[in-house]
Amino acid sequence: MGGEPIAPAERLALTLRFLATGESFRSLHFQFRISRPAISYIITEVCEAITKKLGPSYLKVPSSEQEWLQIAKQFKEKWNFPNCLGAIDGKHITLQPPPNSGSHYYNYKHTHSIVLLAIAGPDCEALYADVGTNGRVSDGGIWNKCSFLKALEGNKLGIPPSTPLPQGIRPLPYVIVGDNAFALKKFLMKPFPQQNLSVDKRVYNYRLSRARRLSENLFGILINRWRALKNVLLLPPASIEFLVMAALTLHNFLKKGPSRSIYCPPDLVDYEDPRTGTVYPGQWRHDGVLQTMLPLPTPSTGHNASTEAKEIRNTFKDYFFNEGAVSWQWDICM
């Protein structure tokens, strides 16, 4: 006679306990009286179920012009960055190398990893995520292979047509913002190189960083609340993909639910004084938990940006320096 089947509620409790605490399988074995091999496949199955059942409702890319315009409105009102649709960033998720994998997952920090690429919305929610690329792939390769870029270039996302900035004349495309790991494109704005910057370029970089900070906080909340990501993961890469996507799905689910203030209290994320622009670091930055989520490397050589992309960035720069200026930027950038 075999043992009693493990009830779905117990499977879910086990998985949530693992995701939230990162406890070892040995510890979970004693708590739930479930064998360690069973724990491994239960976590994978439940994370897959969460991703497939909740993901389409809580982790989906906006697909209509109205949805994107609502996001752009929030970026403008909350972060003073018009025509912005998201903040992109990527992290290496450290894992134990699978048997016989050689250097397939070996990254620039001499660890083994898969890459999580995510786009954050104006409330630190995940608008898009791609996970699973092996750590050997360069930053450009990661971005170039993701489905979001292909859909964006194919005009399949329902992005609104170009529109002028406030008080402007020239129509500008809607953009996402990123750091120096990404190439400057007409739909992706990045900082100016940090060398001999004029005041207007410093202002632009500061204003860009305010919007880009959303992706940093998304990853900070994620690893602070789902502390399994704090550890080197001992699961197969395919299982880790479901685990990360389940954590992102649950993140969005809890951010939108009635327990939002418990899941993400105000002091957990960066806070900016609206009068002075002073940034007070969120609690996650003091937690020291990002050691297993490594940033994408910054390329040693510059990307060859198009003239159009450079002109769009200069238009944003001029706007932030003139009619789009905020009062506190001068104290910070001068």
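These notebook entries record what I looked up in one predicted model.

**Entry 1. Conventions**

I number residues from 1 along each chain as its sequence is written, and side-chain values use heavy atoms, with hydrogens and water left out. As the model is predicted, local features need pLDDT of at least 70 and side-chain atom pairs count only at pLDDT 80 or more, whereas totals for chains, interfaces and linings use all residues. Helices (H or I, at least four residues) and strands (E, at least two) are DSSP runs, numbered from the N terminus.

**Entry 2. Helix H7**

I looked up H7, residues 199-225, and noted 27 residues. From first C-alpha to last, H7 reaches 39 Å, close to the 39 Å expected at 1.5 Å a residue; the expected span is 1.5 Å times one less than the number of residues. I then looked for a bend, taken as the angle between axes fitted to the seven residues ending at a residue and the seven starting there. H7 has a kink of about 35 degrees, centred on Ala211. I also checked burial, where buried means under 20% relative accessible area, exposed over 50%, and partly exposed in between (1.4 Å probe, protein chains only). H7 is mostly covered, with 21 of its 27 residues buried.

**Entry 3. The largest pocket**

I searched for pockets on a 1 Å grid over the protein atoms alone; a pocket is an open set of points where a 1.4 Å probe fits, with protein on both sides within 12 Å along at least five of seven lines. Lining residues have an atom within 4 Å of a point. Grid points are joined across faces, edges and corners, and a volume is the space filled by probe spheres set on the points. The largest pocket has a volume of about 460 Å³. Its lining holds 18 residues, of which Trp79, Asp123, Cys124, Val269 and Asp270 are the closest to its centre.

Which elements supply at least two residues each of this lining? I found helix H4 (65-79), H7 and strand E8 (271-272). H7 gives the largest share, four residues. By class, I recorded nine nonpolar, one polar and eight charged residues in the lining. Here Ala, Val, Leu, Ile, Met, Phe, Trp, Tyr, Cys and Pro count as nonpolar, Asp, Glu, Lys and Arg as charged, and the others, Gly among them, as polar.

**Entry 4. Salt bridges**

I searched the whole structure for salt bridges (a side-chain nitrogen of Lys or Arg within 4 Å of a carboxyl oxygen of Asp or Glu) and found 14.

Asp200 forms one with Lys317, the closest N and O atoms being 3.1 Å apart. This pair links distant parts of the chain, Asp200 in H7 and Lys317 in helix H10 (residues 307-321), 117 residues apart. Asp200 is buried at 19% relative accessible area, and Lys317 is buried at 8%.

Arg285 and Asp270 meet in another salt bridge, at 2.8 Å from N to O. Arg285 lies in the loop between strands E9 (279-280) and E10 (293-295), and Asp270 in the loop between helix H9 (260-263) and E8, 15 residues apart. Are these residues buried or partly exposed? Arg285 is partly exposed at 35%, while Asp270 is buried at 13%. I noted that both belong to a network of salt bridges that also links Arg212 and Glu216.

Arg275 and Asp273 form a further salt bridge, at 3.3 Å from N to O. Arg275 is exposed at 68%, whereas Asp273 is buried at 9%.
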